[in-house]
Amino acid sequence: MVTERKRNPIKLADIGRREQPRTRKRNKGEDISEDKNGNKIILHFNYGLKEKLIKDRELIMSKKYLIRIPAKHSCETIFKDYLMLERQENSVYIGNCVLLDMIRGIRTYFNHRFTVELLYKPELMQLKNLGDPSKTIYSEIYGCEHLLRLLTCIGKLISPKEFDDASFHVLRLHLQRFLDFLDATKDKYLSAENYVAIQ
């Protein structure tokens, strides 16, 4: 049984295979990426999510666990759950194409950057068992752990130059709203049962 314990301090720079870009000093609970013009994506990770991210890294890098695949709740399932919730509670958001574009964008980044940004070294052998990478849709196989890893580095993947100021602001709000959804549902999507010891 995988157990959890508090760890302090939490450093988001430890998440993923590569460190986050050097930026201004972070306030507690922030993940900040900033471009040369001062535009930035700011996502606030609550302590519970940061604990999950650190525990995820520890289990894989130090304790020789891997995440079970296919995931019980794949990224595609999470996307559908989120959109369904928005339809039920906030029809104004689902009517806004920015929300749907954001989900499509996250899916695209996830699948295109998966092997570059989102895997720890022990997971590479597991990846080889999936077959032809060109035919693999990672968002249908992997779940919330890898999705959160993506969100820790989303700022360096999104170019503010592709948006006007108003659109970029709306995108940031939608990304934070999605992250808050993952925080609220973390007990469902981020279970200790998602991990299996390496034989």
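This is a friendly tour of one predicted protein model, stop by stop, with something to select at each stop.

**Before you start**

Residues are numbered from 1 along each chain as its sequence is written, and side-chain values use heavy atoms, with hydrogens and water left out. Because the model is predicted, local features need pLDDT of at least 70 and side-chain atom pairs count only at pLDDT 80 or more, while totals for chains, interfaces and linings use all residues.

**Stop 1: the whole chain**

Show the protein chain as a cartoon. Walk along the sequence and the pattern reads β-β-α-β-α-α-α-α-α-α-α-α-β.

How much of the chain is buried? Buried residues make up 45% of the 199 residues. Buried means under 20% relative accessible area, exposed means over 50%, and partly exposed lies in between (1.4 Å probe, protein chains only). Of the contacts with a separation of 6 or more, 76% are between residues 24 or more positions apart; a contact means heavy atoms within 4.5 Å.

**Stop 2: the largest nonpolar core**

Now select Met-102, Phe-110, Leu-147, Leu-148, Phe-178 and Leu-182, and show their side chains. Of the 40 residues in the largest nonpolar core, these six touch the most other members. A nonpolar core is a set of buried Ala, Val, Leu, Ile, Met, Phe, Trp, Tyr and Cys residues joined through side-chain atoms within 4.5 Å. In soluble globular proteins, nonpolar side chains tend to be buried together.

Helix 8 gives the most, with seven residues.

Zoom in on Phe-110. Leaving out residues up to four places away in sequence, Phe-110 touches Cys-75, Leu-118, Tyr-138, Ser-139, Tyr-142, His-146, Leu-147 and Leu-150. Then look for a second, separate core of six residues, which includes Ile-60, Ile-67, Tyr-120 and Tyr-195.

**Stop 3**

**Stop 4**

The buried residues of helix 4 include Met-102, Ile-106, Phe-110 and Asn-111.

Helix 4 also takes you to the second largest pocket, supplying six residues, the largest share of its lining. Helix 8 supplies at least two residues of that lining as well. On a 1 Å grid over the protein atoms alone, a pocket is an open set of points where a 1.4 Å probe fits, with protein on both sides within 12 Å along at least five of seven lines; lining residues have an atom within 4 Å of a point.

Of the 13 residues lining this pocket, select Asp-101, Met-102, Gly-105, Phe-163 and Leu-171, which lie nearest its centre. By class, the lining has nine nonpolar, two polar and two charged residues. Here Ala, Val, Leu, Ile, Met, Phe, Trp, Tyr, Cys and Pro count as nonpolar, Asp, Glu, Lys and Arg as charged, and the others, Gly among them, as polar.

**Stop 4: two loops**

Go to Lys-64, in the loop between helix 1 and strand 3 (65-67). Lys-64 is partly exposed, with a relative accessible area of 48%. Its phi is near 65 degrees, a positive value in a residue other than glycine.

How far apart in space are Lys-64 and Ala-197? Their C-alpha atoms are 6.2 Å apart, although the two are 133 residues apart in sequence. Not counting residues up to four places away in sequence, Lys-64 touches Leu-59, Val-196, Ala-197 and Ile-198.

Finish at Pro-70, in the loop between strand 3 and helix 2. A cis peptide bond joins Ile-69 and Pro-70, with omega about 0 degrees.

Methods:
Helix = DSSP H or I, 4+ residues; strand = E, 2+ residues; numbered from the N terminus.
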